[in-house]
Amino acid sequence: MTPAKHILGTFDEALSSLRNNVLMMAGLAERTLDRAVKGLLQRDDSLCTTAIADDEEIDQLEKQIDKDGVDVLLRFQPVASDMRRVVAAMKLSPNIERIADQATNIARRARKLNRHPPLPEIEIIVPIQAHAMAMFKDSIDAFAREDADLGRAVVARDKDLDYMNKMANRRLIERMAQDPKQLRGYLNLIFVSRCLERVGDHATNIAEDAVYAAAAEDIRHQTVAAAT
Amino acid sequence: MVSLLEMPQTLPQQLPRQNDRPVDETESATIMIDVRDLDFAYGGNKVLHDVSLDIPAQAVTAFIGPSGCGKTTLLRCINRMNDLIEGARITRGAIHLGGVDINAPEVDVVDLRRRVGMVFQKSNPFPKSIYENISYGLRIAGINKRSRIDEAVEKSLRGAALWDEVKDRLDEGALGLSGGQQQRLCIARALAVEPDVVLMDEPCSALDPIATAKIEELIHDLRTQYTIAIVTHNMQQAGRVSDHTGFFYLGKLIEFGPTTKIFTNPSEKRTEDYITGRFG
């Protein structure tokens, strides 16, 4: 939904710039996460290195969004939906930055795994990555389109990701017992799975803030049943 | 003639709610002023249309809206200041103060204005001493005992957060005070007769930020003892000082509710458009 224009054109420009920076940051984080996981699955160190290098730009965008948000609050004292958009943007960016950090962690683990023979269990990561990535994309869509229903739906999906991570851990721990020589590799996969589960947590935070921006509802810290 | 001053000093009972009013979440508050189905006209020009709202006791209620929307007219209805304008009249509905219809023929308008004080956009102290500005209303009310007046002057000036600044020069002319001090003197003057309600019509519009902050702090302190209704064009001020906010547009009350709700998630699109600056 595109709101009507403000009487003050500079306010529209400032809000638009803030929103665009959040979307750009999210786009970069999504690409970084994609590169990190591809670097793992395709055993491509160069993708991992690129993913790690991308983090710097995302960190800078987080600082820029904070600065722009404070500037909008100071100059225009926004209220109602404008205020919610600014607050949400400022709360989204640290979560996006943390998702990029998780991508960096995955890329570092991937480079370690790539030094050793491939583990068949790496396939466990594929559905977890798909689920986490979909949650992240949808949470950003919920913010961009001010779609509170989509935001609520993303929150409800986090428990599935938690379950997938738990199952992956169980299987990898079993494999450690069966094949102790690959212990380090299985540990790295557990770590990757944990990083993706954390991506889901950050996507949940983003979705909750998107619901706040769109509908002025605070859905944090509710049971999933209550949120849906 | 019924004197409003003789009415029971206990706060009025909570009034029953009606279903046809704008959004309002003052359900549990004690209601001091009950505006019901009010139409008001200046001659043939109708400026308020079917306004209904409950102003809670011992709280600050802000009226916001663009110029000419009727917010000041409504404020002036509450102590019948509009009686002084020829051709101005309520054409329908009523305003009750503590359960009494303020426009009933038996109501003494002088008593009403004593019970409902008013502070205007431009401070308007009398061209007399600081002391006399406060004591004037008391003398009109028939209080002549010097010790009682002294006591009331100090209490009012303290109440208006002005005492410390003027206690050593009470006999000096009020017009020698700064703009902010003059406005606080006017508030002290209104408080001297111990009103239940204080109406404020853009009380800070002519003041600098420091003087404005002092008045806002004062409003915050006064809310525990008085019912305050304030008209302001400054949206941030409405957000800072009020507990409840009513948004008026073209003589209609569009939305009324807790200030936090109005300024974070208004129910009406017109309210949202106005407070976010998307009007017109």
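How are α1(A) and α3(A) oriented to each other: roughly parallel or roughly antiparallel? Keep that question in mind while I go over the chain as a whole. Please note that this is a predicted model.

Chain A has seven helices and zero strands. Along the sequence the pattern therefore reads α-α-α-α-α-α-α. Along the principal axes, the C-alpha atoms fill a box of roughly 65 × 40 × 20 Å.

Next, burial and contacts. Of the 228 residues in chain A, 47% are buried. If we take the contacts in chain A with a separation of 6 or more, 81% of them join residues 24 or more positions apart.

Now back to the pair. Two packed helices are described by the distance between their axes and by the angle between those axes. Helix α1 of chain A covers residues 9–41, and helix α3 of chain A covers residues 80–113. Their axes come within 8 Å and cross at roughly 15°. Angles under 35 degrees count as roughly parallel, so α1(A) and α3(A) are roughly parallel to each other. That is the answer to the opening question. The crossing of α1(A) and α3(A) is left-handed.

What kinds of residues make up the contact of α1(A) with α3(A)? There are 21 nonpolar residues, three polar and three charged.

That is all I have on this one.

Methods:
Residues are numbered from 1 along each chain as its sequence is written. Chains are lettered from A and ligands numbered from 1 in the order in which they are written. This is a predicted model: local features need pLDDT of at least 70, side-chain atom pairs count only at pLDDT 80 or more; totals for chains, interfaces and linings use all residues. Helices (H or I, at least four residues) and strands (E, at least two) are DSSP runs, numbered from the N terminus. A residue is buried if 20 or more other C-beta atoms lie within 10 Å of its own, exposed if 12 or fewer, and partly exposed in between; C-beta atoms are placed from the backbone. Two residues are in contact if their C-beta atoms, placed from the backbone, lie within 7 Å. Axes are lines fitted to C-alpha atoms, for helices over the stretch in contact, and angles run from 0 to 180 degrees between N-to-C directions. Angles under 35 degrees count as roughly parallel, over 145 as roughly antiparallel, 65 to 115 as roughly perpendicular and the rest as oblique. A crossing is left-handed if the near helix is turned anticlockwise from the far one by less than a right angle, and right-handed if clockwise. Ala, Val, Leu, Ile, Met, Phe, Trp, Tyr, Cys and Pro count as nonpolar, Asp, Glu, Lys and Arg as charged, and the others, Gly among them, as polar.
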